[in-house]
Amino acid sequence: NKSEEHVFIEKLQEKYDTIDVNNINRFADLPLSSKTLKGLKECGYVKPTEIQKETIKLSLMEKDILGAAKTGSGKTLAFLIPILERLYCKQWTKLDGVGALVITPTRELAYQIFEALRRVGEHHDFSAGLIIGGKDLKFERNRMDQCNIVICTPGRLLQHMDENPLFDCVNMQILVLDEADRCLDMGFEQTMNAIIANLPLKRQTLLFSATQTKSVRDLARLSLKDPHYVSVHEHS
Ligand code: ADP
Ligand code: MG
């Protein structure tokens with residue numbers, strides 16, 4: 001029942017504000033949809049990692065974030081969970097088009113994110129697609145129009161934007177810049193800037209990076225609005 005679900009969603013969202021970051025122990029303690037909680041549980045994810053804990057309240061509350069934490073600290077779920085929750089709360093359907101865009105530097109990372117999304121997001125009905133080249137552009141383009149969550153590499157995404165004037169991200173809710181430092185190290189600065197210039201201004205942006213270099217901060221200035229800086233250090 002659609003309206004019952006609507007009431008349920010409103011109640012869930014009202015709880016975001018009351019999340020006590022210092023007291024999060026398990027994912028199950030968070031106001032997440034049962035579909036996401038079930039996916040997390042089935043993947044064996046019980047406790048959020050430090051970066052997940054420190055960012056989840058902010059990301060659910062639609063804040064822009066610059067999140068820095070070393071490789072292996074769990075940054076992928078730190079953006080996949082808020083993506084799933086946002087599209088769930090908006091009752092996103094196939095007809096709503098691209099709701100979230102994840103940009104990551106390499107094809108391999110894109111595959112890994114896609115796979116993680118497929119597993120954690122299993123109980124949701126969203127469609128996801130990879131835009132990473134290797135297939136012909138037209139094929140990818142047709143696929144992309146039907147994707148709610150697009151995971152892409154920078155060069156290939158910009159190629160789509162350039163060659164397809166109808167490239168449609170107008171409804172996009174969340175932009176994720178994953179492994180931003182690596183994107184920049186690989187020479188994608190201009191490409192990233194051009195992509196960002198093409199995207200709707202009204203969006204949430206989550207920027208994740210293993211390191212905080214000057215070029216990452218420059219990219220953050222260009223892409224984030226009133227960002228919250230979250231940096232997780234190793235405990236000794
Ligand atoms: P990063 O992007 O920060 O380098 P990943 O998101 O790729 O890190 O996660 C690294 C590994 O940690 C992955 O194998 C992932 O499945 C695992 N992982 C992530 N979050 C959790 C969690 N909350 N509990 C257990 N394992 C996790
Ligand atoms: Mg990563």
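1. Start with helix H2, residues 34–42. Helices here are DSSP runs of H or I, at least four residues long, numbered from the N terminus. Thr36, Gly39 and Leu40 of H2 are buried. Buried means that 20 or more other C-beta atoms lie within 10 Å of the residue's own; exposed means 12 or fewer; partly exposed is in between; C-beta atoms are placed from the backbone. The buried residues of H2 fall within an arc of 100° seen down the axis, so they line one face. That arc is taken from the directions from the helix axis to the C-beta atoms.

2. This is a predicted model: local features need pLDDT of at least 70, side-chain atom pairs need 80 or more, and totals for chains, interfaces and linings use all residues. Residues are numbered from 1 along each chain as its sequence is written, and chains are lettered from A and ligands numbered from 1 in the order written.

3. What lies on the other side of H2? Ser34 and Glu42 are there, both exposed. After H2 comes Gly44, with a positive phi near 85°.

4. Now ligand 1. Its shell holds 13 residues; Thr71, Ser73, Gly74, Lys75 and Thr76 come nearest. A residue is near if its C-beta atom, placed from the backbone, lies within 6 Å. Helix H4 (residues 75–89) gives the most to this shell, three residues.

5. Last, Arg217. Arg217 sits in helix H10, residues 214–223. Arg217 is partly exposed because 16 other C-beta atoms lie within 10 Å. Arg217 and Val46 are 171 residues apart in sequence and 32 Å apart in space, C-alpha to C-alpha.

Note on methods: Helix = DSSP H or I, 4+ residues; strand = E, 2+ residues; numbered from the N terminus.
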